[in-house]
Amino acid sequence: MKYIFFLLISTSTFAQDIHFNSILVDTHNDCLTACIEKNVSLDQDLTGINHSDLARFKKGGVDYQLFSVWCDGEKANPYVWAMREMDSLYAVAARNPDKVVIAKTWKDIQRALKEQKLVAQFGVEGGHMIENDLQKLETFYNRGVQYMSLTWNNSPSWASSHADEKNPSFKGHKGLNDFGKKVVKKMNQLGMLVDVSHVGEATFWDVINTTTKPIIASHSNAYSVCPVSRNLKDEQIIAIGKNGGVIHLNFYSAFVDIDFWQKDEAFRKKHSSEIDSLVGAGMQMEYAFTLIGDKYAAESDAIKPDLEQLMKHFDHIVKLIGVDHVGLGSDFDGINSAPKQLKTVLDYPVFTQALIARGYSNNDISKVLGGNFLRVYQANH
């Protein structure tokens, strides 16, 4: 039986024992959107269709999953879409009460872990989904949303994204405006974690100066290792460490290895007609890329980075702020490419093996796999 506390010291030196005796928390998986886009259900066997499904979470050792609730900035009625995504997980939980619990309190989490059920919560990926309404933010929290990314690549009126801040034609306010600061304060009050993945640097520093609670980056890497605007610069990483927060590693190849961008651009250009056809039929662009990546798997795999490149991000963050501030935010089912050894949720033990190979103690490994997130969760409640 798995413990309900943060840290677990295993006497075994084998990756499987350490992995499956730790509480594994993944803070970012987009399988709800993927299931809707592909017209499948999470409690089906989705091998070869998705990176994730309910049975494979268990097999990969995932104990606690924060399910991303996402749409891009072009989606009409984003709040309604967000509720639909949440409804889809509630339906899965209702059909599988012996396997999954949508947890809203610490007691719910403890009980689910003790009963070896998957802890399920939501993370809203993009503040545009609250539609400038703090009541909608509160409704999200009451439904099980435990964090919100203040922006996706698009910007709500009250916070600027990384993409818009670097766009010369962006005319909006950079950083948080007064309403944006109210959003952060409301999240602190509710116990909803503030997520700085996707936000611009001006927004990031406004968050640091506004929040009274530890924050997270739910799926971000180190800019020094892969210099893209979605990753965190060293001074941001240090600020999150001082804040007591946690940075959760993103598996997306383009945020892991800077050389991947050019290779992926050539891959997409080669298959552009099929991608355009999928988008024309109503599929969101991100999932059209994913579907084509799955269709031409051998070609897609050939350009992926090695796991060791992801571990360089881990090492860099630990060097700056310590092992207490790193976790996992895979971005599975929201990405079309991950390091070669991390194909699906079944492959999490490979990451644990990489930590063992680096000489980390069982205690530190358990922190990285989930204990660090649980600490921040409690600090927000």
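Predicted model: local features only at pLDDT ≥ 70, side-chain atom pairs only at ≥ 80, totals over all residues.
Confidence across the chain comes next. The mean pLDDT of the chain is 94, with 96% of its residues at 70 or more. Among the elements of the chain, the lowest mean pLDDT, 81, belongs to helix α14, residues 285-295. The highest, 99, belongs to strand β6, residues 193-195.

I turn now to a pair of helices. Two packed helices are described by the angle between their axes and the distance between the axes. Helix α10, residues 234-243, packs with helix α16, residues 307-321, at an angle of about 60°, and their axes are 9 Å apart. The two helices are therefore oblique to each other, and α10 passes α16 in a right-handed crossing. Which residues meet there? From α10 they are Asp-234, Ile-237, Ile-238 and Gly-241; from α16 they are His-316, Ile-317, Leu-320 and Ile-321. By class, this contact has five nonpolar residues, two polar ones and one charged residue.

Finally, the aromatic residues. The structure holds 17 aromatic pairs. One of them is formed by Trp-158 and Phe-179, with 6.2 Å centre to centre and 70° between the planes. This pair counts as edge-to-face because the angle of its planes is over 60 degrees. Where in the chain do Trp-158 and Phe-179 lie? Trp-158 is in the loop between β5 (145-149) and α7 (162-165), whereas Phe-179 is in helix α8, residues 178-190. The pair thus links distant parts of the chain, 21 residues apart.

Notes. Residues numbered from 1 in each chain as written. Heavy atoms only, no water. Axes fitted to C-alpha atoms, helices over the stretch in contact; angles between N-to-C directions. Helix = DSSP H or I, 4+ residues; strand = E, 2+ residues; numbered from the N terminus. Parallel < 35°, antiparallel > 145°, perpendicular 65-115°, else oblique. Left-handed = near helix turned anticlockwise from the far one by under 90°. Contact = heavy atoms within 4.5 Å. Nonpolar A, V, L, I, M, F, W, Y, C, P; charged D, E, K, R; others polar. pLDDT = per-residue confidence, 0-100. Phe/Tyr/Trp six-rings, centres within 6.5 Å; stacked < 30°, edge-to-face > 60°.
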